[in-house]
Amino acid sequence: MSERTLAIYGGKPVRESYLPYGTQWIDSSDAQAVLKVLKSDYLTTGPTIELFEQKIADYVGAKYAVAFSSGTAALHGACFAVGIQHNDQVITTPLTFAATANTILYQGGNVIFADVDPNTYNISPQKIEAEITENTKAIITVDFTGQPVDYGRIRAIADKHSIPFISDAAHALGASYHKQKVGSLADMTMFSFHPVKHITAGEGGMITTDNPVYYQKLRDFRNHGITRDQKRLAVSDQPWYYEMQSPGFNYRMTDLQAALGLSQANKIDSFLKKRRAIVLKYNEAFREVDQITLPYQLADTNSSWHLYVMQLQLDKLKATRTEIFQALQKENIGVNVHYIPVYFHPYYQQLGYQKGLCPHAETLYQATITLPLFPKMTDEDVDDVIAAVMKVLSHYEVPL
Ligand SMILES: *Cc1c(COP(=O)(O)O)cnc(C)c1O
């Protein structure tokens, strides 16, 4: 059998070991940082939490940061802080991880999906504006793949209607919009430290904000809604006294997680540099391939490149996206799909969302494949991905 026979038809795969689509990069300095905290007095609610918060706040240029046990918990905190209640409407994108929309449901809110822009794949500012009603209580955008949303236009829409603007920037640590870092552009911005994200804390999340009221609410919310702040206590004559003043959760990050996150935070820029170099190689290799639409970049933004999403021109291919996906997997390339539109999930279907709601998001979902992209990838790994894509697409290309 020839070298070029696809692995899916029994040929030799492009590589022997499976390459994941994303994974962490932990070194001995990270391990030492965690070990140091493990041997200290505080495993949780200790001093490392604030160090990590300060580090991220400084990095993104925000006044405050509040660490949480996960990005999802952090986003739930943001929904609480803006006061989402039963039947309030919150506008968000369908092209995201389900957690973005789920946190609206946690507060009893109604999720209003606004379609994406077919070029940037980010929520469309016009579609946001079209969905605003007197019941709209927040907008939650997602910087999909790390490309900042149009913060200027969305900020203007939010201000015009006096609606809080929350940014799910789980993909966008280190990204910038008009020279400003994501993290200081919305009223609250969420980052995630899951292992596939830019830096990891094992699990973990954070909200950055310039707003002291939100800051206070977020801190209470992650700790059962409890405060010990003497100035805010109704009864304050007892030194041991504390009050639970709002319905909170145990969403605290441990100091072990914070130590890992803090150590990893020293590498944000070096990790970004690697991600951007890999993207340049992909773009260079795929620029002349008719069957691929390269990721589009909005002018004056700098993506943090969490994901490399390859859009297929399916009319120029003899195979479906699923067949191409499977063929790449058989070449041992850990491809993925981002995302199944949130309202396709059975739970959202039960809530009454209909397919066809956001046609651009649905079309993208049919035609995209996410390629591996993470800082620890070697040049050889990158070459393997390119070789596998070329091998599979040339096999299935429609002859001109
Ligand atoms: C990862 C992710 C989340 C959830 O973050 P966790 O830390 O895993 O809870 C939310 N939204 C988006 C877009 C994400 O990628």
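Helices (H or I, at least four residues) and strands (E, at least two) are DSSP runs, numbered from the N terminus.

## Basis of the description

This is a predicted model, in which local features need pLDDT of at least 70 and side-chain atom pairs count only at pLDDT 80 or more, whereas totals for chains, interfaces and linings use all residues. Residues are numbered from 1 along each chain as its sequence is written, and side-chain values use heavy atoms, with hydrogens and water left out.

## Strand β4 and its partners

Strand β4 (residues 136-142) is largely enclosed by the rest of the structure, because 6 of its 7 residues are buried. Strand pairing requires that DSSP find at least two bridges between the two strands. Strand β2 (residues 89-92) runs parallel to β4 and is joined to it by 4 bridges; here Thr92 stands opposite Ile140 of β4.

Strand β5 (residues 165-168) also pairs with β4 in the parallel sense, over 4 bridges, and Val142 stands opposite Asp168 in β5. Together, β4, helix α6 (residues 151-160) and β5 make a right-handed β-α-β unit: with the strands pointing away from the viewer, the path from the first strand over the helix to the second runs clockwise.

## The sheet β7-β6-β13

An open sheet of 3 strands, in the order β7-β6-β13, has antiparallel pairing. At its edges stand β7 (180-181) and β13 (301-302), each with a single partner strand, so one side of each is left without a neighbour in the sheet. Strand β6 (residues 176-177) is joined to the antiparallel β7 by 2 bridges, and Tyr177 has Gln180 in β7 as its bridge partner.

## Two loop residues

Gln291, in the loop between α9 (268-286) and β12 (292-293), is buried, with a relative accessible area of 7%. Leaving aside neighbours within four places in sequence, its contacts (heavy atoms within 4.5 Å) are Gln311, Leu312, Gln313, Lys316, Leu317, Leu393 and Glu397.

Leu43 lies in the loop between α1 (28-38) and α2 (47-60) and is partly exposed, with a relative accessible area of 41%.

How values were computed
Buried means under 20% relative accessible area, exposed over 50%, partly exposed in between (1.4 Å probe, protein chains only).
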